[in-house]
Amino acid sequence: MPPPLEGEGRKSVAKGPQRFGDKTLRTALLASLDHDDDGSLRAGLLFGGRSVLAWQGETMRALGCERVICLTERFGEEILSLQRAVEGGGGEFHALRSGRQLPALVRADDELIVLLDGLVVDRAVLQAAISSEGVLAKGVATLPAGHPLAQAHPEVFERIDRERAWAGALVMHAAPVQQFADLPADGATVPLLLRLALQSGTPCRALAPEAISAGEWLLAGSDEALAARERVLIDSGLVDTPWTGPGLALAQQIARRLAPRGLSAGPFVGAGMALILLVTGTVLAGFGFGPAGLVLAAMGAFAGVWSLAAARIARGLLGETARAFPAARFSGICDILASAALGLAALFSNGDATGPAIGALGPLTVGLTRLAARAAGPLARAFWKDRPIHLAGLAFAAGFDLLAPALALFGLAALVQSLLHSGSEQANADLTIPR
């Protein structure tokens with residue numbers, strides 16, 4: 001049985017830190033009350049692999065809110081998820097049935113950030129809308145009264161005056177909240193807060209036109225609208241790889257198609273699979289099974305580049321809540337294992353140990369391709385960074401006992417690429433006319 005809402009025999013659902021002494025708390029007020037045209041809770045619609053309410057909670061925590069209060073009529077899964085997320089991050093959480101309970105939770109000098117039920121906003125845009133010179137400032141975010149959002153949902157984006165409508169976000173000192181104790185119990189909390197904020201002299205702040213025209217300020221009205229915004233965020237996390245790096249391009253496309261499913265753990269699962277395959281391939285190469293070992297290493301490298309693409313998408317879609325993925329360190333480890341697999345495969349070709357110089361071709365070639373990737377233009381760079389294709393091609397050469405010459409030629413080509421780039425830079429420097 002779910003825990004009761006506050007005001008139903010339980011003082012608080014919070015297990016996080018409480019207010020100590022005279023510390024002023026930054027508090028977020030959210031709501032899970034409104035329904036869309038299909039009768040679904042706006043706050044419960046899925047966005048980025050979790051509910052809109054969870055997205056709002058993460059946004060508020062990223063803005064420094066130490067406490068999150070949510071108005072709701074029922075303790076559904078979206079409320080439980082928000083509670084777990086807030087308290088798991090060390091914050092304080094309360095679920096309220098009525099705004100009349102707010103005076104018991106907030107003090108006059110607390111900062112209160114109110115976000116409209118079902119509003120999905122870009123965090124950078126929201127921060128710019130409620131900040132002044134990088135510092136959170138009192139203000140009521142506004143839209144032009146003729147904006148399509150305000151026209152389509154006049155009951156939500158309330159008209160402030162002839163020219164302006166509320167945009168769904170405001171920052172205020174909590175002193176006016178104390179008046180809730182004297183207001184009717186059936187009054188809508190968020191509209192009352194908007195009126196109290198304006199009556200107390202909270203200034204209006206107009207949203208930047210480019211922000212509200214690019215879909216970065218969106219009311220959750222349907223799954224289709226949220227999915228469209230989701231795709232924009234997914235695409236923004238990736239820079240398309242040209243066809244000259246087919247392995248990288250394919251991994252990106254798979255990551256893009258799978259998103260947002262499994263983004264929280266997907267990059268780490270992919271990284272683990274990559275390391276297992278690379279280590280197994282290296283061991284097989286050391287026992288003389290060079291072609292098979294390199295095939296497994298190529299599969300591991302592909303899992304690795306997929307995990308890197310998924311991590312970039314997660315960062316774009318989940319923002320600060322995405323688990324930090326050590327991309328540079330992971331890429332280095334994968335290349336070390338690929339070097340070992342190539343070196344051992346060349347050293348123990350057909351089960352017979354060759355000279356150590358042949359074994360050194362593996363690490364040398366990988367190192368040269370890394371240099372070539374730094375020196376090349378976009379098209380060539382994609383090819384030199386495509387470790388899965390490199391390993392797959394060299395596995396094919398190993399199957400015909402041609403791994404050593406293939407490594408030598410491939411490394412030589414990478415060296416030529418690097419030298420050509422260095423030569424062109426030197427020529428440009430020589431042509432520069434000093435002032």
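The exercises below, each with a worked solution, concern a predicted model of one protein chain.

Residues are numbered from 1 along each chain as its sequence is written, and side-chain values use heavy atoms, with hydrogens and water left out. As this is a predicted model, local features need pLDDT of at least 70 and side-chain atom pairs count only at pLDDT 80 or more, while totals for chains, interfaces and linings use all residues.

**Exercise 1. State how many helices and strands the protein chain has, and what share of its residues is buried.**

Step 1. The chain has 16 helices and 13 strands; these are DSSP runs numbered from the N terminus, helices being H or I with at least four residues and strands E with at least two.
Step 2. Of the 435 residues, 49% are buried (buried is under 20% relative accessible area, exposed over 50%, partly exposed in between, with a 1.4 Å probe and protein chains only).
Step 3. Among contacts with a separation of 6 or more, 75% join residues 24 or more positions apart, where contact means heavy atoms within 4.5 Å.

**Exercise 2. Describe the packing of helix H10 against helix H11 and against helix H15.**

Step 1. Two packed helices are described by the angle between their axes and the distance between the axes. The axes are lines fitted to C-alpha atoms, for helices over the stretch in contact, and angles run from 0 to 180 degrees between N-to-C directions.
Step 2. H10 (residues 290–318) and H11 (residues 327–347) have axes 10 Å apart at an angle of about 170 degrees. H10 and H11 are therefore roughly antiparallel (roughly parallel is under 35 degrees, roughly antiparallel over 145, roughly perpendicular 65 to 115, and the rest oblique).
Step 3. Residues of H10 in this contact include Gly 290, Leu 294 and Leu 308, and those of H11 include Ala 327, Phe 330 and Leu 342. By class, the contact of H10 with H11 has 8 nonpolar, 4 polar and no charged residues; Ala, Val, Leu, Ile, Met, Phe, Trp, Tyr, Cys and Pro count as nonpolar, Asp, Glu, Lys and Arg as charged, and the others, Gly among them, as polar.
Step 4. The axes of H10 and H15 come within 8 Å and cross at roughly 170 degrees, which makes H10 roughly antiparallel to H15.
Step 5. The contact of H10 with H15 divides into 14 nonpolar, 1 polar and 1 charged residues. Among them are Leu 294, Ala 298 and Phe 302 in H10, and Arg 387, Leu 391 and Ala 395 in H15.

**Exercise 3. Find the peptide bond that is cis and the non-glycine residue with a positive phi.**

Step 1. Most residues other than glycine have a negative phi, and most peptide bonds are trans.
Step 2. The bond from Ala 259 to Pro 260 is cis, with omega near 5 degrees. Pro 260 sits in the loop between helix H8 (246–258) and helix H9 (266–286).
Step 3. Asp 401 is not a glycine, yet has a positive phi of about 60 degrees. Asp 401 lies in the loop between H15 (387–399) and helix H16 (403–431) and is partly exposed, at 44% relative accessible area.

**Exercise 4. Is Arg 256 buried or exposed, and which residues does Arg 256 touch?**

Step 1. Arg 256 belongs to helix H8.
Step 2. With a relative accessible area of 10%, Arg 256 is buried.
Step 3. Not counting residues up to four places away in sequence, Arg 256 touches Arg 231, Ile 234, Asp 235, Leu 238, Asp 240 and Ile 313.
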